[in-house]
Amino acid sequence: VNVEVDIGAEMHRWASDLFPICRSLTGDGVRQTLRYFHNLLPNLAIHEVPSGTRVFDWNVPPEWNIRDAYVADDTGRRVIDFREHNLHVVGYSEPVDTWLTLDELQTRLYSTPEQPDAIPLVVSYYTRTWGFCLRHRDRQKLKSGHYHVVVDSTLDPSGHLTYGELLLPGESADEVLVSCNICHASMANNELSGPVVVAALACWLMSAPRGLSYRIVFIPENIGSVVYLSRNLAAMKERIIAGFVVSCAGDERAYSMVASRLGDTLTDRLLRHVLRHHAGVFKEYAYLWPHRGSDERNYCSPGVELPVVAFTRSKYGEFPEYHTSLDDLSFVTPRGLAGSLDVLKKCVSILEGNKTYRLTCLGEPRLGPRGLYPSMNKPGSGYEEDLTKLMNVIAYCDGNHSVLDIAERIGIPAWHCLPIIDRLRHEQLVEVAAR
Amino acid sequence: VNVEVDIGAEMHRWASDLFPICRSLTGDGVRQTLRYFHNLLPNLAIHEVPSGTRVFDWNVPPEWNIRDAYVADDTGRRVIDFREHNLHVVGYSEPVDTWLTLDELQTRLYSTPEQPDAIPLVVSYYTRTWGFCLRHRDRQKLKSGHYHVVVDSTLDPSGHLTYGELLLPGESADEVLVSCNICHASMANNELSGPVVVAALACWLMSAPRGLSYRIVFIPENIGSVVYLSRNLAAMKERIIAGFVVSCAGDERAYSMVASRLGDTLTDRLLRHVLRHHAGVFKEYAYLWPHRGSDERNYCSPGVELPVVAFTRSKYGEFPEYHTSLDDLSFVTPRGLAGSLDVLKKCVSILEGNKTYRLTCLGEPRLGPRGLYPSMNKPGSGYEEDLTKLMNVIAYCDGNHSVLDIAERIGIPAWHCLPIIDRLRHEQLVEVAAR
Amino acid sequence: VNVEVDIGAEMHRWASDLFPICRSLTGDGVRQTLRYFHNLLPNLAIHEVPSGTRVFDWNVPPEWNIRDAYVADDTGRRVIDFREHNLHVVGYSEPVDTWLTLDELQTRLYSTPEQPDAIPLVVSYYTRTWGFCLRHRDRQKLKSGHYHVVVDSTLDPSGHLTYGELLLPGESADEVLVSCNICHASMANNELSGPVVVAALACWLMSAPRGLSYRIVFIPENIGSVVYLSRNLAAMKERIIAGFVVSCAGDERAYSMVASRLGDTLTDRLLRHVLRHHAGVFKEYAYLWPHRGSDERNYCSPGVELPVVAFTRSKYGEFPEYHTSLDDLSFVTPRGLAGSLDVLKKCVSILEGNKTYRLTCLGEPRLGPRGLYPSMNKPGSGYEEDLTKLMNVIAYCDGNHSVLDIAERIGIPAWHCLPIIDRLRHEQLVEVAAR
C-alpha cells in the first residue's frame, strides 16, 4: 500500500466533495463546509459570531447567502448562470432584479482579456454593490438587447460569521497553531487545498499521543483571523510556540513560504530547514506587502506578534490560475497535497522532539560496547554515513543545542537526528536538558 | 523658480567671494572668512583662542599673517608672486628678505612635474621654514642669476586661533554636529565647498522650528577640532546623537563617506541610507589611515568617540586636483553644491523624524473608512506603489523600529516614510513609542 | 646562520632518532620516546597510569609490548619481518606461534592494492586479535605452502599507560595547552612531526620569561587525552585560554586547521589569523566527523569544552601517505617542520601580547615630538606603510580592542602590531586596559 498516494487521493476526494459549495466570508456555504470537516474531525467545534460584533479595528460583516443569480436575454435564456459556476457572481453581491441594456450591463461585468477562458474571482465585502464575472470569450459573444438581471441574495445584519476550531491538548500546554481558510468560492488550490491538508494533519495528530498541544482553525480569510485573535489573543500569546497558515498547498510546481514579520522565529527556522531538506529548492518571500496576503497579516501584526509563517506550494498571487476558475481540481493533485502534508508532518515531528539534550559522559563515549557502532558488514550499507551522523549528533548534545540546532549545525535533516537521539536516550548516553 | 539651482548658484557665489582670501590655521584670512559667514548667519559666534594654549596633546600654534611675498629677478620683475595666487607661498612661511642664486633658490621651491600647470599646496605648520610653490612649467623657465626673495609675514606667539560656532537650540537637547573647515588657502572643493554648504544648511535650519539642537562649527582643520573638543567635550559626549564633517562637497563626480571609527553609529547607518537612495552608487571608505584625514580623526578618536562621519563628494586625496591650484571654482559647481546640500537636508529631516512608533490597534487596521486607501482612479497614479509603502510602514510600527529602521527593513527612502507616518499620526493609528 | 633551517634540521634529526622505535598506545616504545624528549626538556614529567583504570567512559587498556614477530616459510626464511619495519605487525597483536597454510595466513594479512608499495597501518586496540601488514607487491609473491607465524608480544593487564607532561609556569595562571601524540608506530608526519615541533616550541618557551603558563602534553592519541582530562579537568577548565593539538605538522603541502566544536573560540580566531597572514592560503575543516579525528575530539567534547583547535600541515586523512609506511622521513622536511614551529611561535607571541590598550590622550596624539613619525628620508623605506600601521593601531587603542582585534580590524598581522604597541607603551601613549 502506498500510503502517501492513498492519503493524497483521499484529500483530493474531500476537495472534490467540497468544490461545488459556494463559500464566502459568511453564510451557509461556510457552515456546510465545516459540517463536512466535522464528520472527519468529531471534536471540531463550530462557532458563530454575530454580525456587527466589533473585532479590533473591524466589524463582523452581515451574513451573505445566495440562492440563485443570473443574467438572461429577452428569450429567458441564461447567458450568465450562478448555477453553472458560483464564481459568476461578485462575492457579497446585494440582491437585484432588473432589466438592463447591454451597455448598462457591461458596467456590472468583470472579465479578463488576457485569460479569455477564465472566470475571475471578484468580491466586494465592505462596499455594497453587485456584479457578474464571466469568461472574456463569452462576454464578447453578448449581443445588443435587453437583459434580465437577477441576484437572489440576502445580506443579513443579524446573521453570523462561522468558523471551526479544533483544540488537541497534549502533555505540554505549549501550542502549535495551524490555520486555514474556508471562505473562497469554488477554487481548489487557493482554498480547498488548505483545509483538506490541515484536516489530514489533524487526523494524523489524533492517531498518536502528543507532547505538544495543537490549535487548529478553519476560518474565513483576514476577518476570520481578526475575529479569532480578538477572542483568544491572551491564551495564544502565552502558549503558541509555532504557527502555520496553510494555503495554496495543493499544486506540484513549487514549495514556498512567507516569513514572519521579523523573519527569525522558531517557525521561520523550522520551515526553512524542512523545505531545504524536503524540497531542495524553495521560495522564501519576505513579510512585505504585497508578498504577504493571508492571515499572517494579522497573526504577525504589531502587538499580536505570533511566530507564524505562511506555508504554500505556489504562493497566492504567484500562479496564473490564482483567483480564477482555472484554479480547479486538475491544478491541485493528490501528489501535491501529499507533499504538503508530508512537510507539515515533518515540521510537527521536529517540534515534538525539539528538546535540548546533554551527553551523560565526558569525552567521546564508547560506541562498541553499547552496540551503537553502525554495522560495516553489509557493502553499500551506508555505514560511514550513519557513523558520521551519529558522531556529529553526539558532539552537539551539549545542553545548548536543540535538535533543530544540531541538525542545522551538522547539515542533515532534523528528522534524521530524531531516531539517533532516541537510541542515545535508550542507552542513557544523553538526557533531556531543556525543552 | 528652480530652487535647487538657485541655492546652488547662491552657494557658488559665496565661494567666489571668499576664494581670493588667504586662509591658514590662524590669521586675518580666517577672521575675514568668518565675518563673511557672520553676515549670513548673525548668530555665528566668533571665538579667539590664544596661541600656545595647551589643547589635549597639542598647543595652539602662533598666529600667521602675510602681507606680501615674491621672488624677483635682478631686474626687479616678480617671477613668483603671492599677489597672483596665495598658494605660491608655503603656508606658515617665516619672514625672509635675501638674495639667492638660482641653485640656492631651487632648494626652496616646490612644483609637481606630473602636473606642470598646477601650483601645489605646501604647508609647514609645526616646523619653522619658508618656501615657494609654483607651476612646474614656470619653474623650468627660471634662468640662472640672482633672485631677490621676500616673505613679508609674521608668526606671532601672542596671537590667536579663530573659529566660528553656531548653536541652534531645538525642542530637545539632543544635538547634531556639523563641522567644516575655514583654513585652506584658495581652494574651492577642498575647502570652500564645505563652509558654503554648511552655511546654506544653517540658513535652512533657521527657517523652521527644530525638534533637535544643532552645533555648527567653522574651524581650522585638525587643530581646530582638537581646540573645539578640548573646550566642549563633556557637553558634546552627552548631547550629540549624530555628526557630520563636511568637506570636498562641491564637485559632481561622486558621493562618498568615511565611516566612523567603529562604522556602526546612527550617523553611519543614516548617511549610508541617504546616499544609497539619493545617489544610487556611492563610495564608502573605512575609518582607516590614509582614508580618514579630516576632523573625523579627532571626533572619532578613542575616548572622544562621537558618532561622526565625513561626508564628501570626491573625497580628499581621491581627485587629481586635490591640494593644487586646479581645485578652483570651475571644478566646484552650483549643481554639485546643491546635491550635497540636499543630502544633508535629507539626513536632517530623517533625524528630526526618526522616532519609534506603535500601532494603536491590533491586527491590520482598516484603511478605507479613514480615507487612507490610495486612490486607484488615476491611471499611472502609482496606486500600487503607494499602497505597498503604506502597508509596509504600518507593519513595522511596532514600538521597536525607528523610522530609519522601517525604511531599511522595507527598502524605501526614509524620507518617503515620513509623510506616511504623519498621515497615520493624524488618523491616530500610530503613536510615538520613543524618540 | 639561517636559524629557521637550523632548527628545522634539528627537529628532523630528532625525528630520525625516534623513527625506528615501535610506539603504540602503551609500552616501552612510548617510554623510550618520552625519555628522549626528557633529555631535551629536563622538566618533562613522565606519568604512569595503571591498565584497567576507569577514565570517563573508557578503561586504560592493557600494556602491549612486542619483542619480535615474523612469518617464515618452511625454509625458515622470514617473508614478513617486524625487524624490517614495525608496521608489519597489527598494533596490539596478541601473541601467537603457529603454522598456517597460505590460505589460512591470507585471512590475517592486510595490504592495499591501490598502494602496492606501502605497508598499511592497522591496529586493534579494543578487540583481541593478531595480524600482519605488508606491501601488496610482496603479498602477491607469497607461494603456496606452510608458514611459521610468530608474534612474540605481551598484553599485560597489570601494565601501564605512559605519558609526558611539561608545565611551564608564567606570570599569569592563564594557560596555553599544547598537545601531541607519541603512540603511532614508525610514521613521520602523522606522529613524530607533532612531538618534535612541540619539543622545539617548548625549548623556545623556556628560553625567555613568560607572561602565560604552558601545559604541554605528549600522550597516546584519544585514550591519552581521555586519561589526561580525567586527571586534570577542573584545573584545565579554569585556566586554559587557548589550546592546540599539533599533528601532521611536517610536510610542505598545505597549512590546515580543524576548528573547535563551536568554531568561535579565541584559538579559532587566533589560528585563522596567523594562518591567513603566514600562509596566505590555508584549509579550515569544521569540527565535523570525519574531519575531526585527533584529541580535539575529547578536548572539545560537551562538558569539557576547552578552546582547542587542531593545527596541521596536510591534515590526517587528507594525504595519500597517511597511515602507511610512505609517511616517512622523506615526506617530512626540515622546512616543513620549521614552518609549523613558526606558526606556533607566532600564535604564542600574539597570545602573550594580546592585551587591551587605551590611548592616554584625547584626540590624535602628536607623533613628531616623540620621534614616532616614521622616517621618510630613505626612498623605498616603506615610510607610508609604517605610518599607516602606526596611525591605525593608535586609532583602535580604545580599551575595547585586544591586539588581535586591532590586527583583524586594520588588516595586518598581529605580530606587526606588537612592536608598535611596545613603542607606544614606551612613549606612555598607551596603557594596558585589560588582559
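This is a predicted model: local features need pLDDT of at least 70, side-chain atom pairs count only at pLDDT 80 or more; totals for chains, interfaces and linings use all residues.

I started with the area buried between chain B and chain C, which is about 1800 Å², with carbon and sulfur atoms giving 52% of it. Buried area here is the accessible area (1.4 Å probe) that two parts lose on being put together, summed over both. B:Asp57, B:Trp289 and B:Pro302 supply 34% of the area that chain B buries against chain C, more than any other three residues.

Residues are numbered from 1 along each chain as its sequence is written, chains are lettered from A and ligands numbered from 1 in the order in which they are written, and side-chain values use heavy atoms, with hydrogens and water left out.

Next I looked up contacts (heavy atoms within 4.5 Å). I found 20 residues of chain B in contact with 20 residues of chain C.

How many salt bridges does the rule find across the interface of chain B and chain C? It finds 4, a salt bridge being a side-chain nitrogen of Lys or Arg within 4 Å of a carboxyl oxygen of Asp or Glu. B:Asp57 turned up again here, in a salt bridge with C:Arg370 whose closest N and O atoms are 2.8 Å apart.

Which elements line the chain B side? Strand 3 (58–59) and helix 8 (296–299) of chain B each supply at least two residues of the side that touches chain C. Helices (H or I, at least four residues) and strands (E, at least two) are DSSP runs, numbered from the N terminus.

**Where chain A meets chain B**

I then turned to chain A and chain B, where the buried area is about 1800 Å² and carbon and sulfur atoms give 52%. On the chain A side, A:Asp57, A:Trp289 and A:Pro302 lose the most area to chain B, together 34% of what that side buries. The rule finds 4 salt bridges across this interface. I also noted a salt bridge between the side chains of B:Asp398 and A:Arg261 (2.9 Å, N to O).

**The cores**

I looked for nonpolar cores, meaning sets of buried Ala, Val, Leu, Ile, Met, Phe, Trp, Tyr and Cys residues joined through side-chain atoms within 4.5 Å. Buried means under 20% relative accessible area, exposed over 50%, partly exposed in between (1.4 Å probe, protein chains only).

The largest core has 139 residues, and A:Phe132, A:Tyr299 and B:Phe244 are among those with the most contacts inside it. Helix 5 (residues 188–206) of chain B gives the most to this core, with 10 residues. I followed A:Tyr299 and found that it touches, among others, A:Leu177, A:Met236 and A:Leu306. A second, separate core of 138 residues includes A:Leu192, A:Val196, A:Phe218 and A:Ile421.

**One cysteine**

Last, I asked myself: is A:Cys248 buried or exposed? A:Cys248 is buried, with a relative accessible area of 0%. I placed A:Cys248 in the loop between strand 13 (240–246) and strand 14 (256–258) of chain A. Leaving out residues up to four places away in sequence, A:Cys248 touches residues including A:Asn189, A:Ser193, A:Arg313 and A:Phe319. I also checked A:Asn298, which is 50 residues from A:Cys248 in sequence and 18 Å away in space, C-alpha to C-alpha.
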